[in-house]
Amino acid sequence: MDLNRVTEFYQPASLDAVPEWQEGFAWLAGGTWLFSEPQPSLRALVDLDTLSWPALQILPGGLEIASTCKIAELEAFRAPSEWRAASLIPLCCGALLASFKIWNTASVGGNICLSLPAGAMISMTAALEGVATIWTLDGASREVPMVDFVTGNHSNVLAPSELLRSIFLPAAAMRKRFAFRRFSLTSMGRSSVFLIGTCDPEAGTLRITVSASIVRPIVLAFDDYPDDTELAAAIDEFVTSDLYFDDPHGTRAHRRHLTYYYAEQIRAELEAGDEGFVQEQPTI
């Protein structure tokens with residue numbers, strides 16, 4: 001899609017070189033959404049790739065993912081052997097409704113900032129206890145847990161001109177065991193239900209992240225391993241009926257049913273010491 005109303009294009013080498021932010025400006029990373037449909041309100045694009053941030057960095061405390069990291073770069077990442085939960089990364093990359101050509105262009109930050117319920121990078125980073133670093137053009141920064149970054153369908157905590165710089169995944173979360181459940185109408189289709197469970201066997205803690213079936217991620221955290229009744233009660237309390245999403249990929253009732261169904265599967269699987277991935281589609 002040609003954005004024929006855009007008349008200015010900036011490629012800054014640093015944030016200091018970004019012009020004064022005005023209405024009609026937008027950050028450009030991969031651009032796979034920006035160029036997918038008309039954007040009549042835009043008149044200027046600011047290219048983030050020229051800032052040359054390292055896509056992925058293994059730091060002493062975990063993994064830093066730049067918002068400009070391409071999906072293909074993330075999928076190709078090879079983690080330290082003790083990071084068991086890193087196996088979630090290619091699974092979540094594969095959950096995106098995208099071809100390999102899009103993988104080489106689309107960015108992790110773009111998927112997150114688009115803030116759709118089915119955003120697989122949102123699901124992954126929330127489940128792995130990610131923390132977003134947000135920059136402002138005046139040089140300030142703040143950190144937001146990824147589970148709180150998305151506030152609703154197509155909405156998030158970013159104010160105009162603010163920029164998602166990176167997402168940090170702590171090593172402690174990467175060492176956890178995990179289980180994964182996803183439903184879509186076709187194998188390469190948009191996720192309508194997406195649940196990820198992680199557990200620390202030594203501490204006996206469990207986290208189940210619910211996404212795609214609802215408009216924003218919800219984490220169910222348990223200090224002691226719950227039984228099936230306690231898990232269902234937690235879903236009743238925290239995943240309220242107004243959060244369930246309804247679109248052509250699934251009704252609210254269908255998504256609600258599978259949320260309970262998959263959450264119990266994950267709970268039982270991790271309690272038994274298993275790990276796994278299940279993606280289900282209907283028989284058509």
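**Ile208 stands opposite Leu220 in β14.** This is a predicted model: local features need pLDDT of at least 70, side-chain atom pairs count only at pLDDT 80 or more, and totals for chains, interfaces and linings use all residues. Residues are numbered from 1 along each chain as its sequence is written, and side-chain values use heavy atoms, without hydrogens and water. Strand β13 covers residues 205–211 and runs antiparallel to β14, with five bridges joining the two. (Strands pair if DSSP finds at least two bridges between them; strands are DSSP runs of E, at least two residues, and helices runs of H or I, at least four, numbered from the N terminus.) β13 and β14 form a hairpin, and six residues lie between them. Ala212, in the turn, has a positive phi of about 70°.

**Strand β14 has a covered face and an uncovered one.** The strand spans residues 218–222. Ile218, Leu220 and Phe222 make up the covered face. Val219 and Ala221 make up the uncovered face. Ser211 belongs to strand β13. Ser211 has a relative accessible area of 3%, so this residue is buried (under 20% relative accessible area; exposed is over 50%, partly exposed in between; 1.4 Å probe, protein chains only). Leaving aside neighbours within four places in sequence, Ser211 is in contact (heavy atoms within 4.5 Å) with Pro117, Ser123, Val193 and Phe194.

**Phe180 and Phe194 form an edge-to-face pair.** A search of the whole structure finds six aromatic pairs (ring centres of Phe, Tyr or the six-membered ring of Trp within 6.5 Å; planes under 30 degrees apart are stacked, over 60 edge-to-face, the rest tilted). In this one, the ring centres of Phe180 and Phe194 are 5.0 Å apart and the planes stand at 65°. Phe180 lies in strand β11 (residues 177–184) and Phe194 in strand β12 (residues 191–200), so the pair ties together parts that are 14 residues apart in sequence. Phe180 counts as buried, at 0% relative accessibility. Phe194 counts as buried, also at 0%.

**Tyr10, Trp21, Phe25 and Trp27 form one aromatic cluster.** Strand β3 covers residues 44–47, and three bridges join β3 to β1. Phe9 stands opposite Leu45 in β3.

**Arg165 sits over two rings.** The charged end of Arg165 sits over the ring of Trp53, 4.2 Å from its centre. The charged end of Arg165 also sits over the ring of Trp135, 5.4 Å from its centre. (Here, NZ of Lys or CZ of Arg is within 6 Å of the ring centre and within 35 degrees of the ring normal.)

**Five strands form an open sheet with antiparallel pairing.** The order is β4-β5-β10-β6-β7. β4 (56–59) and β7 (141–145) stand at the edges, each with a single partner strand, so one side of each has no neighbour in the sheet. Strand β6 covers residues 131–135 and pairs with β7 over five bridges, in the antiparallel sense. Thr133 has Glu143 in β7 as its bridge partner.

**Leu74, Val108, Ile112 and Met121 have the most contacts inside the largest nonpolar core.** This core has 42 residues (buried Ala, Val, Leu, Ile, Met, Phe, Trp, Tyr and Cys, joined through side-chain atoms within 4.5 Å). Helix α5 (residues 120–127) gives the most to this core, with five residues. Not counting residues up to four places away in sequence, Ile112 touches Met121, Ile122, Thr125, Met146, Phe149, Val150, Leu164 and Ile167. A second, separate core has 26 residues, including Ile208, Leu220, Tyr262 and Ile266.

**Is helix α5 enclosed or open?** Eight of the eight residues of α5 are buried, so the helix is largely enclosed by the rest of the structure. Among them are Ala120, Met121, Ile122, Ser123 and Met124. Thr125, Ala126 and Ala127 are buried too. Glu129 follows α5 and has a positive phi, near 60°.
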